[in-house]
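Hello,

Here is the structure we talked about. My notes follow below it.

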Protein chains: 2
Amino acid sequence: MRLRVDLLPHGSYPDTVLVVDVLRATTTASVYLERGAESLLLTSSPERALELRGEGVLLGGERGGLPIPGFDFGNSPIEADSQNFTGKVVVMNTTNGTGAAHVAGKSGKHVFLASLRNAHAAARRARAIAVEEIAIACAGTDGRVGLEDVYTAGVLCEYLMAMSSVTIDDGARIALMVRRNTPDPLEALSSSTHGIALDRLGLGEDVRYSAQPSTSTLVPVLAEGQDVEGALRFVK
Amino acid sequence: MRLRVDLLPHGSYPDTVLVVDVLRATTTASVYLERGAESLLLTSSPERALELRGEGVLLGGERGGLPIPGFDFGNSPIEADSQNFTGKVVVMNTTNGTGAAHVAGKSGKHVFLASLRNAHAAARRARAIAVEEIAIACAGTDGRVGLEDVYTAGVLCEYLMAMSSVTIDDGARIALMVRRNTPDPLEALSSSTHGIALDRLGLGEDVRYSAQPSTSTLVPVLAEGQDVEGALRFVK
């Protein structure tokens with residue numbers, strides 16, 4: 001088994017991909033499903049999200065860390081955790097995470113949304129289905145590498161390497177070094193440029209919530225053949 | 001002063017850029033100038049390099065680590081070190097390094113070719129001329145992050161941070177972690193995917209040659225306004 005880490009989303013992906021945007025899209029996505037949402041629709045643009053509004057459909061997302069006008073929710077896992085989404089479809093659009101999922105979804109078949117909270121479960125799901133290669137796609141922030149995503153990729157690599165023998169690329173080597181440099185996940189997320197920015201916006205609690213490794217077993221997975229135009233559908 | 005590390009070449013650069021392709025283009029480029037070359041012309045394609053052949057002009061470059069048919073030299077610092085290039089112009093085209101220089105040269109004004117061998121001198125030159133920001137552009141290998149370049153960027157960051165107070169981005173944080181994880185430069189370069197590939201091609205001596213930090217003070221710099229079409233001119 002080969003294990004590859006893209007520190008930013010890359011052009012082409014193998015069958016099995018773990019998409020990571022730990023602050024906060026892939027963390028929040030899991031919480032929507034934990035709190036009862038039937039499915040998630042990750043759109044390619046905020047405009048497409050607004051078009052999908054309808055009965056039983058709620059909109060969540062952010063730009064620059066803040067809620068998008070006309071959306072029902074921001075991109076906050078704590079906000080999501082306080083609500084009940086039973087039977088709802090949540091349409092998501094965020095600055096980095098939903099775009100990374102679309103890049104991965106172009107060629108990937110088994111696409112999972114991974115975060116620190118579901119890291120062990122996500123690694124297990126990917127390992128169970130992958131044949132030759134697992135790719136981890138870090139979303140980054142505004143086209144730049146994000147320490148928080150590379151750190152999370154390092155945690156995923158540790159789990160995957162403990163599950164079976166894998167050959168790793170330089171991206172995985174770098175992610176493992178970043179992970180091993182900072183044992184405390186909260187320290188890693190808080191010291192990232194994006195973590196600092198969220199704290200300044202008064203969203204430090206979201207950073208702390210996102211920094212709890214393997215406290216959830218729910219892994220959003222791309223529902224094949226169930227996309228709607230301009231959106232990828234993820235289910236639990 | 002801001003310090004930014006791009007783990008792969010990015011779209012737009014500030015005035016001052018250090019381009020890193022330690023295995024082997026930026027290492028070899030310095031050696032050509034040390035061995036007397038008057039200037040280097042880094043072309044955007046091998047075809048353009050062949051067109052520039054002429055009196056007093058030699059061609060050096062590689063594809064897949066091997067010399068390009070019709071070129072005079074490969075991309076080997078050891079081969080370059082054994083020759084005398086006094087008064088010659090060396091036209092270079094390589095898989096990753098010359099392309100990274102062209103990306104940096106599009107918006108960068110003070111563009112330096114940095115390697116481990118000239119790391120301290122390159123950091124000093126960049127620090128002396130930069131006003132607000134220094135960017136380090138890692139060339140990578142075939143569009144993928146290269147551990148060897150990120151490691152070298154980490155060494156450059158250490159020097160730059162010792163010279164004055166700088167604010168760093170997540171790319172620089174990651175490069176510093178990679179550097180600190182592996183104190184021995186030869187171990188870092190040899191364990192990279194590209195270092196392993198060169199060793200398999202029988203070019204392990206080039207890896208060892210490239211892994212000698214700050215043994216040279218020569219830093220190739222972009223000669224402003226002296227480009228020829230399809231090529232950037234670098235001088236010492």
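Strand 3 of chain B runs parallel to strand 6 (residues 89-93) of chain B, and 4 bridges join the two. In this pairing B:Leu40 sits opposite B:Val90. Note that the model is predicted. Strand 3 of chain B also pairs with strand 11 (residues 231-235) of chain B, again through 4 bridges, but antiparallel. There B:Leu42 faces B:Leu232.

How many residues of strand 3 of chain B are buried? The count is 5 of 5 for this strand, residues 39-43. In a regular strand, side chains alternate between the two faces of the sheet. Here B:Ser39, B:Leu41 and B:Thr43 point one way, B:Leu40 and B:Leu42 the other, and all are buried.

Now the interface. 24 residues of chain A are in contact with 24 residues of chain B. The buried area between the chains is about 1800 Å², with 55% from carbon and sulfur atoms. A:Arg144, A:Asp170 and A:Met177 supply 34% of what chain A buries against chain B, more than any other three residues.

On chain A, the elements giving two or more residues to the side that touches chain B are strand 1 (2-6), helix 6 (147-163), helix 7 (170-181) and helix 9 (193-200). Helix 7 of chain A gives the largest share, 6 residues. By class, that side of chain A has 9 nonpolar, 8 polar and 7 charged residues.

Best wishes

Conventions
Residues are numbered from 1 along each chain as its sequence is written. Chains are lettered from A and ligands numbered from 1 in the order in which they are written. This is a predicted model: local features need pLDDT of at least 70, side-chain atom pairs count only at pLDDT 80 or more; totals for chains, interfaces and linings use all residues. Side-chain values use heavy atoms; hydrogens and water are left out. Contact means heavy atoms within 4.5 Å. Buried area is the accessible area (1.4 Å probe) that two parts lose on being put together, summed over both. Ala, Val, Leu, Ile, Met, Phe, Trp, Tyr, Cys and Pro count as nonpolar, Asp, Glu, Lys and Arg as charged, and the others, Gly among them, as polar. Buried means under 20% relative accessible area, exposed over 50%, partly exposed in between (1.4 Å probe, protein chains only). Two strands pair if DSSP finds at least two bridges between them.
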